[in-house]
Amino acid sequence: MKNILLLACKPKQFFTDLKTEKSIKNAFITQFTTATLSFLLILILSIYAISISDGSGGGWGAFGLAHSLYNLLISLATALISTFILSFLIQFITKLFKGEGFYKDIYNVLAYSSIVCWIFLIVWYFINNLNGYNWLPFYVPSVLYLSTPPLLYLSYLTIIGISTTQNLTKTKATIIFLVPVLIFILAKIIYNVTLFVYQFLQRL
């Protein structure tokens, strides 16, 4: 908890201390633990939502639980796997900018920074369920990834982390961070256009 507070309040100091870690072990365990606890807590809240449903359509039933379980498992797997892949990509770009760090530094930055999104997800989900919005489990991935405040803070932490661990200016760190984001957006656009054209041709 002390480290999380340091990350949230003094990210530069946190990432400076982080450079002494010799592997990704601690970062992976922390990310996995946070993500898994988030998953379990949301699942418990989902089950609770079902238990208080009167069966007249006010709740979202067993299908909602199954759908929520599926989405949460996908979110968990995606978060863990994408951290490894994104770390390789950012490390490659970092070397083009003469960064001084290693792959484990980039991975640690991404893993620890992602924790803020998981914590936000728990708080967001809990608050909405307290207010009776039991439909939220259907949209957990969208709530997580389309919520601007946590994404902005995640971006800020990642940029500070890249700048600190790679000994680069914040401008270069920002460019390094934005390149994978733009690649993802471009890939998403290409995918959506291709899917649209395919579905259109299928109807001809």
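Visitor: Where does Ile185 lie?

Guide: Ile185 lies in helix H8 (helices are DSSP runs of H or I, at least four residues, numbered from the N terminus). This is a predicted model, where local features need pLDDT of at least 70, side-chain atom pairs count only at pLDDT 80 or more, and totals for chains, interfaces and linings use all residues. Residues are numbered from 1 along each chain as its sequence is written, and side-chain values use heavy atoms, without hydrogens and water.

Visitor: Is Ile185 buried, exposed or partly exposed?

Guide: Ile185 counts as partly exposed because its relative accessible area is 42% (buried is under 20%, exposed over 50%, partly exposed in between, with a 1.4 Å probe and protein chains only).

Visitor: What does H8 span?

Guide: H8 covers residues 170–202, 33 residues in total. From first C-alpha to last it reaches 48 Å, close to the expected 48 Å (1.5 Å times one less than the number of residues).

Visitor: Which H8 residues are buried?

Guide: Ala173, Ile176, Phe177 and Pro180 are buried in H8.

Visitor: What about a nonpolar surface patch?

Guide: There is one of about 1200 Å², and its residues include Leu178, Ile185, Phe196 and Leu204. Patch residues have over 30% relative accessible area and no salt bridge, with nonpolar side chains joined within 5 Å and like charges within 9 Å.

Visitor: Changing topic: which residues touch the most others in the largest nonpolar core?

Guide: Leu7, Phe14, Phe15, Leu18, Ala27 and Tyr112 do, in a core of 16 residues (buried Ala, Val, Leu, Ile, Met, Phe, Trp, Tyr and Cys joined through side-chain atoms within 4.5 Å). Helices H1 (2–9), H2 (11–18), H5 (103–130) and H7 (148–166) each supply at least two of its residues. H5 gives the largest share, seven residues.

Visitor: And what does Tyr112 touch?

Guide: Leaving out residues up to four places away in sequence, Tyr112 touches Leu7, Phe14, Leu18, Glu21, Asn26, Ala27 and Thr30 (contact means heavy atoms within 4.5 Å). A second, separate core has 10 residues, including Ile90, Ala173, Ile176 and Phe177.

Visitor: How many salt bridges are there?

Guide: The count is one (a side-chain nitrogen of Lys or Arg within 4 Å of a carboxyl oxygen of Asp or Glu). The side chains of Lys104 and Asp105 form a salt bridge at 3.0 Å, N to O.

Visitor: Are those two residues buried or exposed?

Guide: Lys104 is buried because its relative accessibility is 18%, and Asp105 is buried at 5%.

How values were computed:
Areas by Shrake-Rupley, 256 points an atom, 1.4 Å probe, with all protein chains shown as cover.
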